Amino acid sequence: MLDKVLSVKLAGGLMAAFMAFHILIMFGSAEDGETYYFEMIMFLTLTLLAASTFFMDEASARKALLAFGAGLMPAVLLFTYPWISGGDTADGPPAGGMVMWWLFVVQSLLVGLNVGTTSD
C-alpha cells in the first residue's frame, strides 16, 4: 500500500492537479477590480512543471518532486505559522487547504527521497 501512495506517477499527478486547482482559486477569489494574474501564471508554471514528471524517467521525476517538496516547504511553513501561533488566519488558507498542502509536500519529499521503495 505504501508503495502505491509513494509512487512517482501518483505524486506528480496530485501535485499537478493541486497546482492547477489553485489557478481556479486565484481566478475565483478576485473581487471587483482585483486581479491575480501573477499568481495564476505562477501556478500555471508549477502545474506544467509537475505535469512534466509524467514524461521523465523515474530517477529524474524523483529529483523534480524532491525539488518541489523542498521548494514549497518554506511557503507551507509561512502559511502554517498563523495557525500554530494563534495569529490572524482570516487572510490565509482554510485549515483543510493547509492539511492538503502539508500532505502533498510531504508526499513529494518522501517520493523524492525514495522512501517506501525496495531495491531489487
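**Packing around helix H2**

Reader: Which residues of H2 and H3 meet in this predicted model?

Author: Helices are DSSP runs (H or I, at least four residues), numbered from the N terminus, and contact means heavy atoms within 4.5 Å. On the H3 side, the contact includes Phe-43, Leu-44 and Thr-47. On the H2 side, the residues are Gly-12, Met-15, Ala-16, Met-19, Ala-20, His-22, Ile-23, Met-26 and Phe-27.

Reader: How many residues of the contact of H2 with H3 are nonpolar?

Author: Ala, Val, Leu, Ile, Met, Phe, Trp, Tyr, Cys and Pro count as nonpolar, Asp, Glu, Lys and Arg as charged, and the others, Gly among them, as polar. Three residues of this contact are polar and one is charged, while the nonpolar ones number 13.

Reader: How are H2 and H3 oriented, parallel or antiparallel?

Author: Axes are lines fitted to C-alpha atoms over the stretch in contact, and angles run from 0 to 180 degrees between N-to-C directions. H2 (residues 8–29) and H3 (residues 37–51) pack with axes 8 Å apart, at an angle of about 165 degrees. Because angles over 145 degrees count as such, H2 is roughly antiparallel to H3.

Reader: Which residues of H2 meet H4?

Author: H4 (residues 58–85) has an axis that comes within 10 Å of that of H2. From H4, the contact includes Leu-65 and Phe-68. From H2, the residues are Val-8, Ala-11, Gly-12, Met-15 and Met-19.

Author: Residues are numbered from 1 along each chain as its sequence is written. The model is predicted, with local features needing pLDDT of at least 70, side-chain atom pairs counting only at pLDDT 80 or more, and totals for chains, interfaces and linings using all residues, while side-chain values use heavy atoms, leaving out hydrogens and water.

Notes: Helix = DSSP H or I, 4+ residues; strand = E, 2+ residues; numbered from the N terminus. Parallel < 35°, antiparallel > 145°, perpendicular 65-115°, else oblique.
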